[in-house]
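Biologist: I am new to reading structures. Could you take me through this one, feature by feature?

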Amino acid sequence: MRIGIFGGSFDPIHSGHAMIANYASQWETLDEVWLMVSPQNPFKDDGSLSSEEVRCEMAEIVAAECSNVRVSRFEQHLPKPSYTYRTLTMLREKYPEHTFILIIGSDNWIEFDRWRNCDEIAAEFEILIYPRPGYEIDDSSLPGTVRVMRNAPQALISSTFIRQSVKEGKNVNFFVPAGVYDYIHRNNLYQ
């Protein structure tokens, strides 16, 4: 199977994440998309993250509503911080029958040269880039293993915006899927 790996802190997972996962699993050349909840992003301070369990539970809510999308806890058993190349190579070792394709936003692609083993990732794995407003990608400059999902829906929304809005008592309905909205309120997250 061709499996898209869509990683992130997902704190919380929001409607933009859900749209990309659902789109990639149906309109791209993928059999499944795995939401890879990252225990610790090397570019972010993990001290303020919600627990891995909470973030996985919110991701499970989204996966249940999408086609061919599931949550993977694979990175949670790897050393921290989470480095994409290590994750992808270990996935390839554990599941040699599958082909793994990295899914990242155009904002991440612009800073991809900062990623550990970025050249190896681009040489050994396909990369699908989903467009994000304000982060345009020139297709002619992309390596042969990298492709932009030009028809993917775009949403200018971030988990930081959601957390801050909840903290301020704002209604974030429609910015996050309904089940995630209920989960956030039921568990008093981001207060």
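Modeller: Start with pairing. Two strands count as paired if DSSP finds at least two bridges between them. Keep in mind that this is a predicted model.

Biologist: In what order do the six strands of the open sheet stand?

Modeller: The order is 3-2-1-4-5-6, and the pairing is parallel. Strand 3 (69-72) and strand 6 (146-148) are at the edges; each has a single partner strand, so one side of each has no neighbour in the sheet. On average, neighbouring strands are turned by 30° against each other, direction ignored.

Biologist: How many bridges join strand 1 and strand 4?

Modeller: Five bridges, in the parallel sense, link strand 1 (residues 2-8) to strand 4 (residues 99-105). Look at Arg2: its bridge partner in strand 4 is Thr99.

Biologist: And which helix lies across strand 2?

Modeller: Helix 1 (residues 15-27) does. It also lies across strands 1, 3, 4 and 5, and runs at about 150° to strand 2.

Biologist: Now the side chains. What makes a salt bridge?

Modeller: A side-chain nitrogen of Lys or Arg must be within 4 Å of a carboxyl oxygen of Asp or Glu. This structure holds ten of them. One joins Arg2 and Glu126, at 2.8 Å from N to O. Arg2 is in strand 1 and Glu126 in strand 5, so the pair ties together parts 124 residues apart in sequence.

Biologist: Which residue does Arg70 meet in a salt bridge?

Modeller: Arg70 meets Glu32, at 3.7 Å from N to O. Arg70 is in strand 3 and Glu32 in strand 2, so this pair links parts 38 residues apart in sequence.

Note on methods. Residues numbered from 1 in each chain as written. Predicted model: local features only at pLDDT ≥ 70, side-chain atom pairs only at ≥ 80, totals over all residues. Heavy atoms only, no water. Helix = DSSP H or I, 4+ residues; strand = E, 2+ residues; numbered from the N terminus. Axes fitted to C-alpha atoms, helices over the stretch in contact; angles between N-to-C directions. Contact = heavy atoms within 4.5 Å.
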